[in-house]
Amino acid sequence: AYEISAGLVGSEMCIREGANVDWNEETKTVTVENDENKIELTIGSKTAVVNGKNISLDAPAVIQQSRTFVPVRFVAEQLGWGVDWNQDSYTVNIKK
C-alpha cells in the first residue's frame, strides 16, 4: 500500500506495482499499462484515453521540475487498484 499526500504522482509508483509506463516526447503523452488496461495521458489535457475510449479528467497530467505527474486516483482506479482518501491527514492510500 502507498500513502501519498498529493493529487498527482510520478511514474515510479506505477512501475513498482507492475504497470508499464512509457513516455512519448513528441506527443508529450504518458502511457500506463497493466494486463487489463491501457491509459494514455497527454500533458495539459483534461481528457485521457482508456482502452481506446475518451474519459474526462478532473486534473491533467503535468510536468513540474522536469518530472511528469499524473492524476493518482484516476490512474490507480483505471488499473483496478483500491483508493481511499484520509481527510484528517490529507493522504491517499492505494492498494493493489
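Guide: Among the contacts in the protein chain with a separation of 6 or more, 38% link residues 24 or more positions apart. The model is predicted, and every value given here is computed from it. The chain has 96 residues, and 33% of them count as buried. Its accessible surface comes to about 6000 Å², with 43% of that area belonging to carbon and sulfur atoms.

The secondary structure consists of two helices and eleven strands. Read from the N terminus, the order is β-β-α-β-β-β-β-β-β-β-α-β-β.

The largest nonpolar core has 19 residues. Within this core, the residues with the most contacts are Val 32, Ile 39, Leu 41, Phe 74, Val 75 and Leu 79. Two or more core residues come from each of strand S4 (29-33), strand S5 (38-42), strand S6 (47-50), helix H2 (72-78) and strand S11 (91-95). Helix H2 gives the largest share, four residues.

Once its neighbours within four places in sequence are left aside, Leu 41 is in contact with Lys 28, Thr 29, Val 30, Ala 48, Leu 57, Ala 61, Val 70, Pro 71, Phe 74 and Val 75. Two of these partners, Phe 74 and Val 75, are also listed with Leu 41 among the core residues with the most contacts.

Strand S6, one of the elements that contribute to the core, also takes part in a hairpin with strand S7. Strands S6 and S7 (residues 53-56) run antiparallel and are joined by four bridges.

A pair of aromatic rings is described by the distance of the centres and the angle of the planes. The count in this model comes to one aromatic pair. The ring centres of Trp 85 and Tyr 90 are 5.9 Å apart and their planes stand at 75°, so the pair is edge-to-face; the cut-off for that description is an angle over 60 degrees.

Notes
Residues numbered from 1 in each chain as written. Predicted model: local features only at pLDDT ≥ 70, side-chain atom pairs only at ≥ 80, totals over all residues. Heavy atoms only, no water. Buried < 20%, exposed > 50% of the residue type's maximum accessible area, 1.4 Å probe, protein only. Contact = heavy atoms within 4.5 Å. Areas by Shrake-Rupley, 256 points an atom, 1.4 Å probe, with all protein chains shown as cover. Phe/Tyr/Trp six-rings, centres within 6.5 Å; stacked < 30°, edge-to-face > 60°. Core = buried A, V, L, I, M, F, W, Y, C linked by side-chain atoms within 4.5 Å. Pairing = 2+ DSSP bridges.
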